Amino acid sequence: MAAITIRASTSSPSDVNQIPQLLNAAIPWLNSIGYTHWGVPSATPRPNPMPEVTPGDFETGRAWFAVTDGGTPEEKVVGAIVLSVKPASYCAPTVEERMGKEAFLKLLVTDREAKGQGVGELLLEFGKEECRRRGLEWLRSDCFRALEEDTRSEEHTSELQSPSG
């Protein structure tokens, strides 16, 4: 298994296209486990399966990639994370105690070919560390529970502890 590292995204077309490629590749698997709100697999990949991720995320240091063989011509993107201090439109309102102290996990996606290699865990740990570096206390994820009859938003929030405790 090649070493996996994290690198900041750039606003290059190559980087901007990585997230739609990862998402389009994940849609068949998501459908197979019952998460159909991403759409159905298509012979023609959707240019932007997640419109909440915008070019601004690449220009302002909010998107990072997990890569193998980083910095070489053989580099392969195996995952992505996008953080934001602004909640997405689908997020539940922020509770008062966390106002200005939290970041939102706007996107976390991994390459299915890298399953079992810890890419998602590595990206989440990176996201937590990035929040700490920015002086934030919470990392929040809002997602849909699509496998239940009553589809509803579910919030997951992690309080970040300092490395010393």
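Helices (H or I, at least four residues) and strands (E, at least two) are DSSP runs, numbered from the N terminus. In these terms the chain holds 3 helices and 6 strands, and its elements run β-α-α-β-β-β-α-β-β from the N terminus on. The model is a predicted one, in which local features need pLDDT of at least 70 and side-chain atom pairs count only at pLDDT 80 or more, while totals for chains, interfaces and linings use all residues. Residues are numbered from 1 along each chain as its sequence is written, and side-chain values use heavy atoms, with hydrogens and water left out.

Glu 129 and Arg 132 both lie in helix α3, 3 residues apart, which is about one turn of the helix. The two residues form a salt bridge, with their closest N and O atoms 3.2 Å apart. A salt bridge here is a side-chain nitrogen of Lys or Arg within 4 Å of a carboxyl oxygen of Asp or Glu. To say how covered such residues are, we use relative accessible area: buried means under 20%, exposed over 50%, and partly exposed in between (1.4 Å probe, protein chains only). Glu 129 is partly exposed at 40%, and Arg 132 is partly exposed at 27%.

Over the whole chain of 165 residues, 36% are buried. Two of the strands are mostly covered. In β3, 8 of the 9 residues are buried, and in β4 the count is 7 of 9.

These strands also pair, where pairing requires that DSSP finds at least two bridges between two strands. β3 pairs with β4 in the antiparallel sense over 6 bridges. Within this pairing, Ile 81 stands opposite Leu 108 in β4, and Leu 83 stands opposite Leu 105 in β4. β2 and β3 are likewise antiparallel, over 6 bridges. Here Ala 66 has Gly 79 in β3 as its bridge partner.

Several of these residues return in the interior. In soluble globular proteins, nonpolar side chains tend to be buried together. A nonpolar core is a set of buried Ala, Val, Leu, Ile, Met, Phe, Trp, Tyr and Cys residues joined through side-chain atoms within 4.5 Å. The largest such core in this model has 14 residues, and those with the most contacts inside it are Ala 66, Val 78, Ile 81, Leu 83, Val 119 and Leu 139. At least two residues of this core come from each of β2 (63-68), β3 (76-84), β4 (102-110) and α3 (119-133). Apart from this core lies another, of 13 residues, among them Phe 65, Val 67, Ala 80 and Val 109.

What does Ala 66 touch, leaving out residues up to four places away in sequence? Its partners include Ile 4, Ile 6, Val 78, Gly 79, Val 119 and Leu 123, a contact being heavy atoms within 4.5 Å. For the chain, among contacts between residues at least 6 apart in sequence, 58% join residues at least 24 apart. Gly 118 and Ile 4 are 114 residues apart in sequence and 9.1 Å apart in space, C-alpha to C-alpha. Gly 118 is partly exposed, at 34%.

Charged residues form the last part of the picture. Side chains of opposite charge can pair when their charged atoms come close. A search of the whole structure finds 10 salt bridges. In one of them, Lys 106 and Asp 57 have their closest N and O atoms 3.0 Å apart. Lys 106 lies in strand β4 and Asp 57 in helix α2 (residues 55-59), so this pair ties together parts that are 49 residues apart in sequence. Are these two residues buried or exposed? Lys 106 is buried, with a relative accessible area of 15%, and Asp 57 is buried at 0%.

Another salt bridge joins the side chains of Arg 7 and Asp 15 (2.8 Å, N to O). Arg 7 is partly exposed at 21%, whereas Asp 15 is buried at 4%. Arg 7 and Asp 15 are linked with Glu 75 in a network of salt bridges.

A charge can also sit over a ring, which requires NZ of Lys or CZ of Arg within 6 Å of the ring centre and within 35 degrees of the ring normal. The charged end of Arg 112 sits over the ring of Trp 29 in this way, 3.7 Å from its centre.
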